[in-house]
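Grab a pencil and have a look at the model below.

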Amino acid sequence: MYLADYHIHSRISPDATRSMTDVARAAAAAGFDELCFTDHVQPVTVGSDIRIPRYDWDALLAEFHSAKQTMGNQITLRLGIELGDAEMDFPHTEKILADMPPLDFIIGSVHMLPEDWGCTNLYLFHPENDAKACEGIAAYLEEVKSLAQWGKFSVLGHLTLPLRYLNENYGFHLSFDPFEDAVREILQILIDQGLGIELNANRGNAPLPDAKWLKLYRSLGGEIITLGSDSHRAEMARCRIPENQELLKACGFTRFCTFRQMQPVWHDL
């Protein structure tokens, strides 16, 4: 079994504290073959419509090169980013990315509700009832659709992300079942553009997306898929990656992807 974590954060992300070197050491000790760092790049500040003037690519590169030098051939290290909320301002996002160094991989993700919802961070979205929660999910999926149509990334991250917070943090018992048509449309847009999705381990909780949506993606012809822990702590590096390889097999997949220089590299399950 080839073990690769393609969604992991270091201290370059504002919500993580460990160096890339520490994360890589933990992953190597856990038996991983490959790791891709995907620190947050947010053209718009989460929870607001404030545009950042620039991103510090030099700090990202310095951290990555230090980790590669330290780890040598103990583990394959790749450099990516998690590009969050590009749909809030595509022209500004493209301006931020114009100075981007060569990367191996980009996750496209949505963490906020749209501007008419106050740019609310999904983490803080605590609706008063199921009906309002479902309105929020519908608004979220419109943002995801816009991002998918733009398409300047490798895979779509954690498609069912609102469930992480609504169910796990706020005690709802919701699914994406009422939104099957919207999900199907998003998946088809991705497939038609040669893009993929990730199977996000959700830090050991219910995977994002779960088996129903993985099977739908596969039935539509989707094949490009990565596995990631979404870890913000080094000790979580192995978080359910082997189990989620088994889940992929159960959902009809025969292989998964890593990336090199923005091109998929295939591994049998």
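**Exercise 1.** At what angle do helix 1 and helix 2 pack, and how far apart are their axes?

Before we start, some housekeeping: this is a predicted model, where local features need pLDDT of at least 70, side-chain atom pairs count only at pLDDT 80 or more, and totals for chains, interfaces and linings use all residues. Residues are numbered from 1 along each chain as its sequence is written, and side-chain values use heavy atoms, with hydrogens and water left out.

Step 1. Find helix 1 at residues 20-29 and helix 2 at residues 57-71. Helices here are DSSP runs (H or I, at least four residues), as are strands (E, at least two), numbered from the N terminus.

Step 2. The two pack at about 40°, and their axes are 8 Å apart. Axes are lines fitted to C-alpha atoms, for helices over the stretch in contact, and angles run from 0 to 180 degrees between N-to-C directions.

Step 3. The helices are therefore oblique to each other (under 35 degrees is roughly parallel, over 145 roughly antiparallel, 65 to 115 roughly perpendicular, the rest oblique).

Step 4. Now look at who touches whom, with contact meaning heavy atoms within 4.5 Å. Helix 1 brings Met 20, Thr 21, Ala 24, Arg 25 and Ala 28, while helix 2 brings Leu 60, Glu 63, Phe 64, Ser 66, Ala 67, Thr 70 and Met 71.

**Exercise 2.** What arrangement do the rings of Tyr 6 and Phe 105 have?

Step 1. Check the geometry: the ring centres of Tyr 6 and Phe 105 are 5.1 Å apart and the planes sit at 75°, so the pair is edge-to-face. The rule is that rings of Phe, Tyr and Trp (its six-membered ring) pair if their centres lie within 6.5 Å, with planes under 30 degrees apart stacked, over 60 edge-to-face and the rest tilted.

**Exercise 3.** Are Tyr 6 and Asp 22 buried or partly exposed?

Step 1. Tyr 6 has 1% relative accessibility, so Tyr 6 counts as buried (buried is under 20% relative accessible area, exposed over 50%, partly exposed in between, with a 1.4 Å probe and protein chains only).

Step 2. Asp 22, found in helix 1, has a relative accessible area of 31% and is therefore partly exposed.
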